[in-house]
Amino acid sequence: MTLDFLGSTTRTHRCGELRAADAGKPVVLMGWINRRRDHGDLIFLDLRDRTGITQVVLDKSLSGHDALAKAETSRPEYVIAALGKVRLRDESLVNPKMPTGEIEVLATELLILNDAKTPPFSPADDAIQNEEMRLKYRYIDLRRAEMQQNFLVRHKVNQAIRQTLSDEGFLEIETPFMTRSTPEGARDYLVPSRVHPGTFYALPQSPQIFKQILMISGFDRYFQIARCFRDEDLRADRQPEFTQIDLEMTFPTQDQVFAVVERFLTASFSAVGETINTPFLRMSYDEAIRKYGIDKPDMRLPAMADLTDVLTPELRTTLKIEQKLPVLGFVIPSVGELSSTARKSLLSEVRASFGDSGLDLLDLVRLRTAEQFVPLADAISEKLNAELVAFNGSSLTSNDLAVVVTPKLETPEMWNFDRQWIWKRVGQLRLELAKKYADKHGLFEKKGTPDDYKFLWVTDFPMYEWNEEKKTWDAAHHPFTSPHEEDIISGALFNDKGAVRASAYDVVLNGLELGSGSIRIHRKDVQAEIFRSLGMSDEEAKERFGFFLDALEYGTPPHGGIALGIDRIVMLLAGAQSLREVIAFPKTAKAIDLMVDAPSHATDMQLKELHLRPTVRS
């Protein structure tokens, strides 16, 4: 088969643009053949580009002989140009499922610009189950309409964020990819230097230090859609290289940072036709743990209820609960009726999962249902009902699943229980049951309203975490997060680390952390203390961060900021289940790029130039 040259032929329209109003127009369309159907006297080619599909018709009585011959030899994924005229379809042949379904193009000339092997899967298919095959042939996978739509969403989100921040006086400034290793909580990707043997650059886990130096440099408001790199184990919501919207501003209050983020998120969601409620709810870390058992609560579910004070000594005796033990409960709305068999199965499943970890179910019941199920005590029911009313205004019904949990103490030492640990374990149970039952009954389904997106600011995180193994306090955040001013003034920073709160905040959406930020340290004495809390001597801190400590001495203004994961935002807006669906060329769960077969071995010459030699060969 002889291929055609494009020559001076130019495209007049994209494949998804034509409508009934274009009938009679001469057009030139170019794209890939999505499907081909030969009906004898008529050959239909569904021509596809990223905007959509138009049906091209070749009629033996109207189309040229050369065009017909090319149509007969063409196959799916051939790249063609179709020259012809738009015409209306017969009313009985209109396809209401296609934006171009009222028209077709009667082709008089066809150019075959390139042929194609039969692909391992068809871009015309709605779903391809073999993900490894999709990643290996990513250039074919990206032709699918679903993937094209995902990246249109990504483009619109990026543009809306850029425009909003630019309008608010932020400057987009790029920071280096090749820098030095800094403690960010994950392993760095290292890049050996050829011209400085034995030394390494590190790819940035975030632009943290550089954006702070930009504040010291007087740029006042900075942002960047930044590529970042972390050498860590992967999950569905993690990739070794990722993109974040990174911003920093001088002289901010926490409220000002929140307002900026809420405005650019409003704009980015609006860009893809979604509406969100602002201002976002706010909750301290302590309250989030106490009410939800997690620091990134899914606000589409009612909070847990602490039933400890509800139970009188007599009620505890009746329910066989130790007098000193805390009792927690929660409701999952609209689960529907559970049969006796389903209830027993659920009880067994939950006890199997949590019995060995110090929790046991006091009761798991269906409220006000069949007589064989014992109802919860009135005092407990009233408390759970209050939480449900606060959540959505409705009272407990027989369709709501109520769960009450108390610690399971196996030894006397367990009397000294960690209440926060109990909240977290019950919170985990709440989420597991919600995923199993609420999804089936549409609790998490999108309703097309702003309430689909439950945003939350979580604030006042602990500054330090106790390291039981080392018997020391570790910094809970990156080392440039400022403690609360009150905790510096009171001396708690130096004398009572367990009481110190960080000026840190997370923005959470439907149980997913979208981003983290903080007010930063702008004083050298405070920064030096935080480095010491990480176990760094003053000498080590000077060797690793001397340039930054020096910069803090030259009039550093108070400053703060945040970074949000673009990949995660787009994943949620696109309705995707994995970040791999919204990253053009992602890695597998084993950090492999199947398309280009990376990582790969360097040649002996490359290693020699870098003054390296391999210790492992596979």
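The UniProt annotation "binding site", from an unreviewed entry, covers Arg230, Asp231, Glu232, Gln239, Glu513, Gly565, Ile566, Asp567 and Arg568. Keep in mind that this is a predicted model. I'll take two of those residues, then one from a second annotation.

Start with Arg230. Arg230 sits in the loop that runs between strand E9, 221-229, and strand E10, 241-250. Its relative accessibility is 23%, so Arg230 counts as partly exposed. Setting aside neighbours within four places in sequence, Arg230 is in contact with Ala186, Arg187, Tyr189, Gln205, Pro240 and Phe242.

Next, Ile566. This residue belongs to helix H16, residues 566-574. Is Ile566 buried or exposed? Ile566 counts as buried, because its relative accessibility is 0%. Not counting residues up to four places away in sequence, Ile566 touches Arg154, Asn158, Ile161, Thr243, Gln244 and Ile245.

Now the second annotation. UniProt, again in an unreviewed entry, places a "binding site" feature at Glu184, Arg230, His477 and Arg520.

Arg520 is in the loop between strand E20, 512-519, and helix H14, 524-533. With a relative accessible area of 2%, Arg520 is buried. What does Arg520 contact, leaving aside its neighbours within four places in sequence? The list is Gln208, Lys211, Gln212, Glu248, His478, Phe480, Ser482, His559, Gly560, Gly561 and Ile562. With one of these, His478, the Arg520 side chain makes a side-chain polar contact of 3.4 Å.

To recap: Arg230 is partly exposed, Ile566 is buried, and Arg520 is buried.

Methods. Residues are numbered from 1 along each chain as its sequence is written. This is a predicted model: local features need pLDDT of at least 70, side-chain atom pairs count only at pLDDT 80 or more; totals for chains, interfaces and linings use all residues. Side-chain values use heavy atoms; hydrogens and water are left out. UniProt positions are given in the numbering used here, feature names are shortened, and annotations may be inferred rather than shown by experiment. Helices (H or I, at least four residues) and strands (E, at least two) are DSSP runs, numbered from the N terminus. Buried means under 20% relative accessible area, exposed over 50%, partly exposed in between (1.4 Å probe, protein chains only). Contact means heavy atoms within 4.5 Å. A polar contact is a pair of N or O atoms within 3.5 Å; within protein, one must be able to donate a hydrogen and the other to accept it, and residues adjacent in sequence count only if both atoms are side-chain atoms.
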